[in-house]
Amino acid sequence: MLDFTWCMELAFREAIKAFEKKEVPVGAVIVDSNGHVIGRGYNQVESLCDATAHAEMIALTSAMATIGNKYLEDCTLAVTMEPCPMCAGAIVNAKVGRVVFGAYDPKMGASGTVMNITGCQQLNHQPEVYGGIMENKCRTLLQDFFRELRKKP
C-alpha cells in the first residue's frame, strides 16, 4: 500500500514553491502504482494569468505526458487542498485511481465538502478519496499565506 503521508510531503514541497511565488500555496503530485512520481505541479494562477493553472491541473497534464496516456487509473494524486469542481472534474475525466488531499475546502471543495464530484455515481468514474492527510500542516500553510496577504496595503 502506498504511503499517503510520503505522497503528501511531496505535494507539500510543491505548495511551498507556490507560497514562495506568492501564489495560493497548493501543491500536487501524481504517483504511479510502482511509487514513482510521474507528475507534479503547484498553483500558478497569478504568474500565468490563467484561472485553470491549479496544482492538480498542472500535475495531471505532466503525468499524462510522462506516461503517454490520458488515463491515470493506477495512479494516486496527492494534493494539499481538497480539489475544486474544475479539478475534480478533470480527475474524473482522467480516471485517476485515488485522490489523497490535506486540507478540506469549505468554500469550493468538490470531494465531499461542498459537493462530491469525485463520488458522483452518475459519472463514469469515481476515484477512491482520502481527505485530511497532514490536514493541520496543509491548512496552516494556507492560513499563513492569507494572513500575510491581508497585511499588505
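Modeller: The discussion below turns to the sheet, then to the helices, and then to single residues. Please keep in mind that this is a predicted model.

Colleague: In what order do the strands of the open sheet stand, and what is the pairing?

Modeller: The general idea is that strands pair if at least two bridges are found between them. Here five strands make up an open sheet, in the order β2-β1-β3-β4-β5, and the pairing is mixed.

Colleague: Which strands stand at the edges?

Modeller: Those are β2 (37-42) and β5 (128-130). Each has a single partner strand, so one side of each has no neighbour in the sheet. On average, neighbouring strands of this sheet are turned by 15 degrees against each other, direction ignored.

Colleague: In what sense do β1 and β3 pair, and over how many bridges?

Modeller: The pairing of β1 and β3 is antiparallel and runs over four bridges. Within it, Val 31 stands opposite Thr 76 in β3. Helix α1 packs on the sheet and touches β1, β2, β3, β4 and β5. The direction of α1 makes about 140 degrees with that of β1.

Colleague: How should I read a helix? Which residues of α4 are buried?

Modeller: An α-helix has 3.6 residues a turn, so residues three or four places apart point the same way. In α4 (residues 85-93), the buried residues are Cys 87, Ala 88, Ala 90, Ile 91 and Val 92. They pack against α3, β3 (76-81) and β4 (98-103).

Colleague: Is Asn 43 buried or exposed?

Modeller: A residue counts as buried under 20% relative accessible area. Asn 43 has 8% relative accessibility and is therefore buried. Asn 43 is located in the loop between β2 and α2. A polar atom of its side chain lies 2.8 Å from the backbone nitrogen of Ala 55. Among the residues that Asn 43 touches are Ala 18, Val 24, Val 26 and His 54.

Colleague: What is the phi of Lys 22, and where is the place of this residue?

Modeller: The phi of Lys 22 is near 60 degrees, a positive value in a residue other than glycine. Lys 22 belongs to the loop between α1 (4-20) and β1 (27-31). Lys 22 is exposed, with a relative accessible area of 58%.

Colleague: What is the phi of Cys 49?

Modeller: Cys 49 has a positive phi of about 50 degrees, although Cys 49 is not a glycine. Its place is in the loop between α2 (45-48) and α3 (55-67). Cys 49 is exposed, at a relative accessible area of 73%. Lys 95, which follows α4, has a positive phi near 55 degrees.

Technical notes: Residues numbered from 1 in each chain as written. Predicted model: local features only at pLDDT ≥ 70, side-chain atom pairs only at ≥ 80, totals over all residues. Heavy atoms only, no water. Helix = DSSP H or I, 4+ residues; strand = E, 2+ residues; numbered from the N terminus. Buried < 20%, exposed > 50% of the residue type's maximum accessible area, 1.4 Å probe, protein only. Contact = heavy atoms within 4.5 Å. Axes fitted to C-alpha atoms, helices over the stretch in contact; angles between N-to-C directions. Polar contact = N/O pair within 3.5 Å; in protein donor to acceptor, adjacent residues only side chain to side chain.
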